[in-house]
Amino acid sequence: MTVTIDEAPSARTLTEAAVRLSGVSKWFGKESDKPVLDGIDLTVAPGEFVCLLGASGCGKSTLLNLVAGLDPVSAGSIEVTGGRAALMFQESALFPWLTAAGNIELALRLRGVGKAQRRSEAERLLSLVRLEGAAHKRAHELSGGMRQRVALARALAQQAEVLLMDEPFAALDAITRDVLHGELTALWQETGVTVLFVTHNVREAARLGQRVILLSSRPGRVAREWRVDIPQPRRIEDAAVSELAREITDELHQEITKHARLAQNSGTQRSGIQSKETRRNG
Amino acid sequence: MANETATFESGSFEDASLDASGAGGAGIERTATTTAKPVADNGQSRLATLEAGLDALDTAAAGTRRPWWRVLVSRVLPPVVALVVTLGIWDLLVVMHVHSGEIMLPGPGDVWDSLTANWGPSRIGAAIWDSVYRAAIGFAASVVIGSVIGLLVARVAPLRAAVQPLLSGLQNLPSVAWVPIGIIWFGVTSATIYTVVLLGAVPSIAVGLIDGLDRVPPIYLRVGRNLGARGLDSVRFVLIPAALPGYVSGMKQGWAFAWRSLMAAELIAISPSLGPGVGQVMKFAQDNLDLSLAIGSIIIILIIGIGINQLFFAPLERRLLRTRGLSRS
């Protein structure tokens with residue numbers, strides 16, 4: 001990780017991209033007429049913190065899976081610096097048969113770190129998320145917030161230049177979530193890692209992101225984009241954050257309203273057919 | 001150990017609460033008046049204490065461990081009581097039946113006398129050793145064969161479609177049913193006995209492994225892949241540990257089936273060349289109308305079956321479930 005800290009400033013040139021998506025589309029099976037994602041263009045600069053926001057059905061998790069290389073794209077291309085990105089999920093997905101330190105050591109081992117270094121490196125990563133005392137605890141002995149911090153340490157152990165986060169704090173209580181927002185922001189500033197953060201929580205996006213990207217739903221397209229110049233550390237209660245959240249929410253509601261109109265249209269059609277049938281029956 | 005962590009946690013919790021109450025009013029003042037101070041650092045340390053407080057609150061309830069003697073009382077006492085009650089009822093039945101004279105029922109004392117008296121002459125000690133030895137060999141072979149079959153069936157789709165129903169079917173078939181075929185093919189030899197043991201245990205172990213593999217949450221495999229575990233690494237570091245609980249319960253059942261099948265086979269396939277076995281002791285008891293010895297043999301079979309389960313499989317399973325937070329205790 002120290003290596004990344006040293007390298008990060010020099011790598012942070014404006015022309016370079018940590019993640020570049022060009023015309024990315026995704027559909028499942030052969031339904032190319034019903035894509036989940038449709039022609040997404042997105043460039044994330046090295047060290048940037050980008051929040052992807054959208055209602056359900058916008059394919060934001062699908063997008064992360066594509067960037068993580070867990071699923072193939074149907075069309076378009078994705079480039080990630082270093083070739084791979086670390087991924088964090090909503091549930092911590094810590095391996096229950098390993099301790100907190102064991103989970104991190106496995107990530108290090110799979111990265112090819114020697115046995116002697118693994119232990120000290122795992123300790124260092126745990127102290128980075130302030131869980132020095134939890135090294136020997138198992139997932140079920142930790143609270144939800146602590147689990148996510150271990151998962152974050154495990155993701156950092158991968159030493160990828162890009163960190164993908166799929167609603168990592170969605171299952172946490174508001175107090176813990178708020179604290180982890182601060183934690184993540186501090187870690188991001190410290191390590192210079194590039195973050196692509198998916199959420200359906202508007203305030204969270206406004207609190208964390210340097211850039212917020214709103215996706216439309218079915219199919220997922222980039223609907224609008226905000227550059228957020230509020231300096232970190234921000235607080236979720238900050239007036240500027242609330243102001244932005246309000247603006248984004250309005251836009252998001254407009255996106256969602258479109259679907260209500262669509263549903264209404266198909267609804268009236270359906271009822272029309274029904275009335276015809278009842279007439280026929282009568 | 002448990003005490004240490006408990007005091008550490010409560011200590012850090014107090015620190016955090018003190019800090020929070022102290023900083024409540026002053027925190028705002030500080031940020032408002034002294035903007036020259038490094039804001040990030042201040043925020044960092046406040047974040048740290050806040051987080052320590054949350055962690056302490058979240059884990060305060062954990063860490064109370066039951067004393068060993070209470071574990072002993074709750075685990076050991078009930079089966080001991082059950083055993084004593086059973087022996088009591090048994091003895092009572094004997095006392096009541098002694099005068100009716102219709103059905104012979106030896107008492108616990110008679111069985112004990114019969115076992116000790118026959119220990120030398122009927123070579124019960126050697127018989128127990130022989131049976132356990134056969135069961136161990138048969139079970140070990142079953143684990144190897146069952147694991148290979150289970151792994152193949154779980155991973156190869158056409159094979160699964162073809163073989164999985166057969167495996168469940170074999171679990172229903174009493175493996176004694178293979179004794180006649182075994183004797184016709186191999187004669188009354190060890191091969192017959194091992195065939196029966198294998199056919200009894202292999203399906204359970206294979207099915208257990210398949211179940212275990214099927215129940216691996218897909219997210220673990222995705223995480224494994226993201227961490228860089230591919231091919232054999234994925235099997236070794238993710239798939240096998242994740243499937244272990246199902247596999248172990250399959251082995252536990254496999255042992256029960258192996259032992260049960262062995263007893264049935266020994267009871268039927270008897271030959272001087274085979275050496276003694278608990279099943280043969282039972283057959284000897286039947287031929288000599290020695291009811292005490294027959295009941296004694298059953299008790300020996302029970303003790304070995306339960307004993308090996310309690311010694312090996314139950315602790316292993318308990319440990320697996322406890323470390324994963326799946327057991328109640």
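First, some ground rules. This is a predicted model, in which local features need pLDDT of at least 70, side-chain atom pairs count only at pLDDT 80 or more, and totals for chains, interfaces and linings use all residues. Residues are numbered from 1 along each chain as its sequence is written, while chains are lettered from A and ligands numbered from 1 in the order in which they are written.

Let's start with chain B, which has twelve helices and zero strands. Helices (H or I, at least four residues) and strands (E, at least two) are DSSP runs, numbered from the N terminus. Of the 329 residues of chain B, 30% count as buried. A residue is buried if 20 or more other C-beta atoms lie within 10 Å of its own, exposed if 12 or fewer, and partly exposed in between, with C-beta atoms placed from the backbone.

Now turn to helix H6 (residues 157-172) of chain B. Its 16 residues reach 23 Å from the first C-alpha to the last, close to the 22 Å expected at 1.5 Å a residue; the expected span is 1.5 Å times one less than the number of residues. H6(B) bends by about 35° at B:Val163, and the proline B:Pro165 follows within four residues. Here the bend is the angle between axes fitted to the seven residues ending at a residue and the seven starting there. H6(B) is hardly covered, with one buried residue among its 16.

B:Val176 counts as partly exposed because it has 18 C-beta neighbours inside 10 Å. Not counting residues up to four places away in sequence, B:Val176 touches B:Val196, B:Ser261, B:Ala264 and B:Ala265; two residues are in contact if their C-beta atoms, placed from the backbone, lie within 7 Å. B:Val176 and B:Leu262 are 86 residues apart in sequence, with their C-alpha atoms 8.7 Å apart in space.

Finally, see where the chains meet: 28 residues of chain B are in contact with 31 residues of chain A. On the side of chain B that touches chain A, the largest share, eleven residues, comes from H2(B).

How confident is the predictor in chain A? Chain A averages a pLDDT of 83, and 88% of the residues score at least 70, where pLDDT is the predictor's confidence in each residue, from 0 to 100.
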